[in-house]
Amino acid sequence: MTPRLVTIDDALKKFRQIPRFRFGVYPTVIEEMPRLRDVLSATGVGVPRLYIKREDYSGPGFGGNKVRKLEYVFAAAQAEGADTVLTVGGVRSNHCRVTAAFAARLGMECHLIQNGVAPALTPASKFLDELYGAIIHPVATREDRAPSMQRVAEELRAKGRKPFAIPLGASTPLGALGFLHAANEIAQSGTRFDAIFHSTSSGGTQAGMDVGLQIYGQEHVKLIGVSADDPAASISSKVAEIVAGMADLLEVDRDPLRRDIEVDDQFIGPGYGIATPEGEEALKLLARTEGIVLDPVYTAKAIAAMLARIRAGEFTQDQRILFLHTGGQLALFSADTPHN
Ligand SMILES: *Cc1c(COP(=O)(O)O)cnc(C)c1O
């Protein structure tokens, strides 16, 4: 085993040596949301200043939080000599779409193993997957995805291709490193935030933010991941596992990076992708007060959690809260033109 380095400077030096494609547009902007604050203040509760970081404007594949993660994962795929990538997701998967866009940009073949029934109208995201030239392999259930990906990878290998399989959401320790840059941008922004809310699911975004806030001197910031699907205990253990893997990649001791991971699972409602009244209210409120469009699957539910906790008086008016907009708005749209 390699000896562990201990200082943050050493970790940063190691971090900068890890190859990455810089496909996104950075820093993503941070905007204040004064009208949202005014509306919330009208109820009499002390409302902190509210900000939003526009990861939804991050770049290829219509942006979102998969861009930063895939910048590292594709660099690793190319370093291995891969000519083909495979990944998994649902038919509206933001991760699949950004993977397809990156593959197109690098001239790589892309195979997407997707579950979910095809509705009458093609989901906009699937339309784009095909437009970017990805080959889609439909499967019946979530559980079928990973074994199918292995099978397709073997078939490709037998045909002489060099496939690289990307796990769900690119939430590997390597992918999560992408969010160290987001944390650095927040540290460099000149605004001191007290809390950050974001949607969490496969854990990579939260792990990257958690490590990034510590590495870039922002350990005072409370990080709250709001679950889009799984129970808090299951997501926080996934996040802890990714954080441990990141410590290994950066060759730092795990202990200094181990802190409490907060996941709020009270806003999932009946399940992943199923609308909730709180999420619908948040979607409308953001659109009508700030002209900001959320997505129904992830960000609307995450902002609903933030709003509920502000309304419950958890924060004071002299604090500052940042919401990380992780993208996903294409889930609101369908394409009525079949595309092959
Ligand atoms: C994938 C996704 C998330 C969840 O991020 P993880 O890193 O998988 O936890 C949140 N919001 C949107 C819009 C996403 O596409």
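User: A crossing is left-handed if the near helix is turned anticlockwise from the far one by less than a right angle, and right-handed if clockwise. What kind of crossing does α9 make as it passes α10?
Analyst: The model here is predicted. Helix α10 covers residues 232–250. As α9 passes this helix, the crossing is right-handed.

User: Which residues of α10 make the contact with α9?
Analyst: Take the α9 side first. It supplies G204, Q206, A207, G208, D210, V211 and I215. Facing them in α10 are I235, V239, I242, V243, M246 and L250.

User: What is the orientation of α3 to α8?
Analyst: Helix α8 spans residues 178–188. Its axis is 7 Å from that of α3, and the angle is about 130 degrees. Roughly antiparallel would take over 145 degrees. The two helices are therefore oblique.

User: Which residues of α3 meet α8?
Analyst: On the α8 side the partners are G178, F179, H181, A182 and E185. By class, the contact has three nonpolar, two polar and three charged residues. The α3 side consists of R68, K69 and Y72.

User: Which residues lie nearest the centre of the largest pocket?
Analyst: This pocket holds about 770 Å³ of space. Its lining counts 41 residues. Nearest the centre are S93, R142, Y272, V297 and Y298.

User: Which helices and strands each supply at least two residues of that lining in the largest pocket?
Analyst: Two strands qualify: β3 (84–90) and β8 (195–200). The helices are α3 (66–79), α4 (94–106) and α9 (204–215).

User: How many residues lining the largest pocket are polar?
Analyst: Eight lining residues are nonpolar and nine are charged. The polar count is 24.

User: What is the volume of the second largest pocket?
Analyst: Its lining includes R54, D56, Y57, R97 and F333. By class, that lining has six nonpolar, three polar and three charged residues. The volume is about 170 Å³.

Conventions:
Residues numbered from 1 in each chain as written. Predicted model: local features only at pLDDT ≥ 70, side-chain atom pairs only at ≥ 80, totals over all residues. Heavy atoms only, no water. 1 Å grid on protein atoms, 1.4 Å probe; cavity = no way out; pocket = protein on both sides within 12 Å on 5 of 7 lines; lining within 4 Å. Points joined across faces, edges and corners; volume = space filled by probe spheres on them. Helix = DSSP H or I, 4+ residues; strand = E, 2+ residues; numbered from the N terminus. Nonpolar A, V, L, I, M, F, W, Y, C, P; charged D, E, K, R; others polar. Axes fitted to C-alpha atoms, helices over the stretch in contact; angles between N-to-C directions. Contact = heavy atoms within 4.5 Å. Parallel < 35°, antiparallel > 145°, perpendicular 65-115°, else oblique.
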